[in-house]
Number of protein chains: 4
Amino acid sequence: MCTAASFRKGGLYFGRTLDNHMSYGEEAVIAPRAFDFGFKGRYAIVGMALVQGGYPLFYDAMNEAGLCMAGLNFVGNAQYFKSVGARDEVAQYEFIPFILSRCQSVEEAVEVIRKIRLTDRQFCENLPCAQLHWMISDAERDIVVECTKSGMQIFENAFGVLTNNPPFGEQLLNVSDYMHLSASQPENNFFKGVDMQRYSLGMGAIGLPGDLSSRSRFVRAAFVRNNCICGDGNTDGVNALFNILGSVRQVRGCNVIKDGCETTLYTSCCDASAGIYYYTLYENHAITGVGMRSRDLNSSELYRFPLEREERITLV
Amino acid sequence: MCTAASFRKGGLYFGRTLDNHMSYGEEAVIAPRAFDFGFKGRYAIVGMALVQGGYPLFYDAMNEAGLCMAGLNFVGNAQYFKSVGARDEVAQYEFIPFILSRCQSVEEAVEVIRKIRLTDRQFCENLPCAQLHWMISDAERDIVVECTKSGMQIFENAFGVLTNNPPFGEQLLNVSDYMHLSASQPENNFFKGVDMQRYSLGMGAIGLPGDLSSRSRFVRAAFVRNNCICGDGNTDGVNALFNILGSVRQVRGCNVIKDGCETTLYTSCCDASAGIYYYTLYENHAITGVGMRSRDLNSSELYRFPLEREERITLV
Amino acid sequence: MCTAASFRKGGLYFGRTLDNHMSYGEEAVIAPRAFDFGFKGRYAIVGMALVQGGYPLFYDAMNEAGLCMAGLNFVGNAQYFKSVGARDEVAQYEFIPFILSRCQSVEEAVEVIRKIRLTDRQFCENLPCAQLHWMISDAERDIVVECTKSGMQIFENAFGVLTNNPPFGEQLLNVSDYMHLSASQPENNFFKGVDMQRYSLGMGAIGLPGDLSSRSRFVRAAFVRNNCICGDGNTDGVNALFNILGSVRQVRGCNVIKDGCETTLYTSCCDASAGIYYYTLYENHAITGVGMRSRDLNSSELYRFPLEREERITLV
Amino acid sequence: MCTAASFRKGGLYFGRTLDNHMSYGEEAVIAPRAFDFGFKGRYAIVGMALVQGGYPLFYDAMNEAGLCMAGLNFVGNAQYFKSVGARDEVAQYEFIPFILSRCQSVEEAVEVIRKIRLTDRQFCENLPCAQLHWMISDAERDIVVECTKSGMQIFENAFGVLTNNPPFGEQLLNVSDYMHLSASQPENNFFKGVDMQRYSLGMGAIGLPGDLSSRSRFVRAAFVRNNCICGDGNTDGVNALFNILGSVRQVRGCNVIKDGCETTLYTSCCDASAGIYYYTLYENHAITGVGMRSRDLNSSELYRFPLEREERITLV
């Protein structure tokens, strides 16, 4: 499963964890303006993608205009339209480049989304359609897009985070149970006048869930994201977003499934102002950045950056 | 507040978070064999210390033999003996170098500890005696040492973690409330025969606390530490320990106190086999290592390594 | 708010708590076969009702055939059809007598419900339409009926309980988070091989919520109901149901609202085999029973039984 | 296990649940002033006792002066002095009558307790010494008495409740984790400015534990007791205490042990002003009262009142 979050300090910082039991070979990729997605776009895109036959299947990405988008697992609830070859159809696997290659803002994205039908057309026979929902963010606004048996829905996302099941509306209800949690020490509402011990700092958030289920990660990521503060330095926003997403990082062995262990394979952070896509890996805590602006973005060829899988330690 | 944890894979990996609202200027330090602590030692020590007037006040450290030790806040419960100038007295601030400079193992440490009295003699007038308890680990064993109004006590620590209040015995009782938590999906004990939805991975640990109080961090660190697995590569153990301690990292803004925000200022990892002390900082996710073996350990002068406080990003 | 539960031992025992800040004057009522509800019925009904202008507005009731039905608050989610005077319309306030006066079983009730449209026609101008959903039970089966913006839905209810918000589907998801809870002592999944203390009996259900919110009452009532056992004596099933519902009883002062305190005003238990409607009041722990079979059920006049509001204590 | 609680409204109401898998044959008993306990007393006592060879082994009781006392399981922590036949010894089984037969107030009881040594002398060979701790209350004050390996300790009990393990000091620490819980709707501390849904009443106490372990019952009983309100009627205080203790009632089947099911066999309520001992049974929700004042209290013979084990239902 996965977690996405936005953070705003000066500009937008947007990222996600990708949690899985194994990597399928994703890499950092820049798709320049003239890259042929099967449709024409205007904006270059940088993000993490599995490149299949030269085509980048983006997991999460950002465009030149600073619009960011991530797809997260939504298994059992995602339900796309059947493809009938109509003109308004967009296949699920095209959704991220379709939006990012033509929209500058969430507002533009909403307008586009209202006109399309997301279909279950497969990228190829061997690749079943991923069951996903999406978070889309710009400098001002976060939305969530879900395609379920009730059709396609767009939600404003005041919490600025997204995980997986249940549907977003139910996540919003569930997080309400935690509204009393605070980053400050708690009031004594239990028994006024009786001395109750504040034996530790941080007691105001007692009740915050610490497990790795998608409901719990939603609440924890929202709490940390909403309380997180940082300075004004160049990399402070990047640092903050990695710290926020670090709070829902899946440590290998703590989420055992039949094929192995669900683990946070990578964590990303798009710096929308600088046009840089940063990432860390489970095996490498150091941050690597891929900048768009230093490349020729009018090209039609992908730029591909294999991930650095070794812990990059500096010995002094 | 703080969290310490051990992890064993091949050898011992031992580390801690240091959580505070501001740094007092700690740095990585090697105290070689001939360094004068006010007493004579046999073993060189590497760790994180505040150097005051040339004297390293260690927060956590490891010696040449691979014995590791960390002091963690224990405010309100720590109670030392009054210093009367007796021969068996060791001041609280000397405790880490006293043990690490003369013991090769937990067994030797226990023997030494049973013969001494830990006193509240201050390092200097302006530095009040820190209220601490300690975790000590070697390749086989973890113990906790507490000095309270009941005297000095040594506990075996099967959980391999330590945080702060309440006393260790009460932490052991409290963690019992979580014994059902599992890294695997839960059984349906609630209502056998009725279909209950496993709508997310990771539901076996629902109930694990996610807040930053010391009881909750104890449970969470213990759970993650006990379930964490890693490969056999050179840096896999280091990676694992940083991932374990990452699960209790305090993000700035999530634990507000009157002087600012309790934050995980640094996280350390002693690689006991290699004699290397690693650390990351809140502002710098990349790992820095300080090796003992490449230095002349017969010296009497401290080796001091100021911390690298900038996010060390590699742009590709 | 309120809680309903069924229990089967020999026959069906079905009841509910009614939680409110004040009583509107409800009383136990028998509506015999010939009572004119504005429509014709076949079966006599006994239950708790507010009698308005000679018309019993039932909160919960049972008919001669042992079919039981209770309406519970569903504020913010209930949405009825607009009345247009069509033949298939049943006003919300008629729903309980409409079903109970003509159905012998849940199966029959389902058939009837599929043919009607539940409307918001008011009983009178001063009585706004209550926002409710319903639980209906017979000797074999429990269902829930909800009328929301998605239309009318019928759910099988394997848990045998109902409270209030959120909609039933979301309650089913939420209760999944508690599937590990057990009436027996917990296994140690946390850290196999390490001694964890079973310092108390009853630790297998640690995590069960104890508050009075509708999600928590659903989980708690389901847990207690599913684990509850009783003997074969005459009143053992009655005793069991009162004990189950006692676990979600709202004590005055523990749920403060602007108008006073939400309190469990009464608790009921229909003994379907005996045709007796039992109740206790907040102010009176002793059980009172109203039997149908000792009355002339062919009458057209209501039998009304004012509630006994004094604690009925026996002094020995 | 068991729960005790006090409640003050006008006078003192004091009671307890007795939780066990089977009854040993306890009954309501009045021990008048001249009854020979093996020592001389001044005050008559009424309470629940197992009468063995004519001697009442009290579980909980009250004396003429309104002083109340209950013994609750404290297995694994209770540790009495070895009996050596000294004059200041009181056997554990004599403790309740020893205090109640000679003290009018908690203050007097404290004075007496400080002068005695509680020993493990058995009542008879077949009856091993019960491992207990005690709550003692008068119209103004509640205390807890514990005899552990640290000796005998007396605690002020501002919470007015007692359950079982862990020791009282640890219960006080543990309850601190719940200080934010409120009988009113919660504030939104989580994310100010964002609309969070109050979808149910009673959300201010979300986090209150609902299981039957002794730590959870302590917190729940304390919360309910501290928030409970009642009117000024004659039986309102009695009603309130039964409602408070009802919140920790153990329903048969929800706490399975190897010998059966831990169940709340009886619940008691001493009305200190009226000198009446009330009780309900698991099998009988109706309240039975045993008054002292209508008997000749100068007698030396026990008055014994077998429990009424049938549900006392009134059919109307």
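**Two contacts of chain A**

Okay, let's begin with chain D against chain A: there are 0 salt bridges between them, where a salt bridge is a side-chain nitrogen of Lys or Arg within 4 Å of a carboxyl oxygen of Asp or Glu. Quick housekeeping: this is a predicted model, so local features need pLDDT of at least 70, side-chain atom pairs count only at pLDDT 80 or more, and totals for chains, interfaces and linings use all residues. Residues are numbered from 1 along each chain as its sequence is written, chains are lettered from A and ligands numbered from 1 in the order in which they are written, and side-chain values use heavy atoms, with hydrogens and water left out.

So what does join D and A? The rule finds 12 residue pairs in polar contact, both at pLDDT 80 or more. That term means a pair of N or O atoms within 3.5 Å; within protein, one must be able to donate a hydrogen and the other to accept it, and residues adjacent in sequence count only if both atoms are side-chain atoms.

Each chain puts 31 residues into this contact, meaning heavy atoms within 4.5 Å. Together they bury about 2800 Å², 68% of it on carbon and sulfur atoms; buried area is the accessible area (1.4 Å probe) that two parts lose on being put together, summed over both. On the chain D side, D:Met179, D:His180 and D:Phe190 supply 30% of the buried area, more than any other three residues.

Now over to chains B and A. Here 64 residues come from chain B and 64 from chain A, and the pair buries about 5000 Å², 59% of it on carbon and sulfur atoms. In chain B, the residues that lose the most area to chain A are B:Tyr199, B:Leu201 and B:Val316, together 14% of what that side buries.

Look at the strands next (DSSP runs of E, at least two residues, numbered from the N terminus). β17 of chain A, residues 284–291, runs parallel to β19(B), joined by 2 bridges; strands pair if DSSP finds at least two bridges between them. In that pairing, A:Thr288 stands opposite B:Thr314.

Notes
Helices (H or I, at least four residues) and strands (E, at least two) are DSSP runs, numbered from the N terminus.
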